[in-house]
Amino acid sequence: MKRIAIVTGASGGIGQEFVRELAKEALDELWVVGRNEKRLLALKEEYGEVVTLVCRDLTRSADLLSFADLLEEQKPSVLWLVNNAGMARMAPSTEFSFSELEQTIDLNCKAPSALINLCIPFMEKGAKILNISSASAFQPVPYLNLYAATKAFERSYSRALHAELKPCGITVTAVCPGWVDTGMLSKEINGKKVRFPGITTPERVVKKALKDAKRGRDMSICSLYVKCQHLNVKLLPQKLTMKIWLHGIKNY
């Protein structure tokens, strides 16, 4: 039985870092999942035969079901499942089209939940699931409302599932970084350079996440800045945290 890791959203930012780090593990195959075949091929060229390309659009139920067929056909031992694929846009909620609402919820919520259920039958004691949530999961976030709400779902789902799967020896870790320096961030809005307090690198996030997963933790927070943020939202009323956030973004 081949030992594999699965990384979704593998072709950019945090996903690429997970591929880089997991390529160092004792694995037979590293399944990289994404829509952009060219970018996935670049990973295969860099890391060689250990990388297996799985081109899927995880917002489509048909592609999720075909992933189930692939698992049934290969019958691997899934040691790592990293649900990293996601989408976000900062805008008033009324600007989102029905299609954008649907795709965001499908990719950020439905896809990781479905992939976890598909993979659990192929996991044994010691297997690890990492769901890439966000520090925005700690509180309501106006103008990042949809994304933050989906990440709150991921965080809550992960921590509860961790408790459910503990008797099986399978750990689930919600990874909750703050701002991460990837192509996903808009560096300029309305001609103004955007400040990202506490911004960190994908490498730092991933290394801390893998370390926390190996320690059996249900949540991973990689920086002192985000740890302080997590504490603040526990102590302050949510209405006040939203006012502070709105004050910080008023110039954009």
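User: Over the ring of which residue does the charged end of R89 sit?
Analyst: This is a predicted model, in which local features need pLDDT of at least 70, side-chain atom pairs count only at pLDDT 80 or more, and totals for chains, interfaces and linings use all residues. Residues are numbered from 1 along each chain as its sequence is written, and side-chain values use heavy atoms, with hydrogens and water left out. A charge sits over a ring if NZ of Lys or CZ of Arg is within 6 Å of the ring centre and within 35 degrees of the ring normal. The charged end of R89 is 4.6 Å from the centre of the ring in question, that of F96.

User: How many aromatic pairs are there?
Analyst: Rings of Phe, Tyr and Trp (its six-membered ring) pair if their centres lie within 6.5 Å; planes under 30 degrees apart count as stacked, over 60 as edge-to-face and the rest as tilted. By this rule, the number of aromatic pairs is four.

User: Why is the pair of W179 and W245 stacked?
Analyst: The ring centres of W179 and W245 are 6.4 Å apart. The pair is stacked because its planes meet at 25 degrees.

User: Is W245 buried or exposed?
Analyst: Buried means under 20% relative accessible area, exposed over 50%, and partly exposed in between (1.4 Å probe, protein chains only). W179, with 22%, is partly exposed. W245 has a relative accessible area of 17%, so W245 is buried.

User: Which residues do ring pairs link into a cluster?
Analyst: The cluster includes W179. Its members, linked by ring pairs, are W179, F196 and W245.
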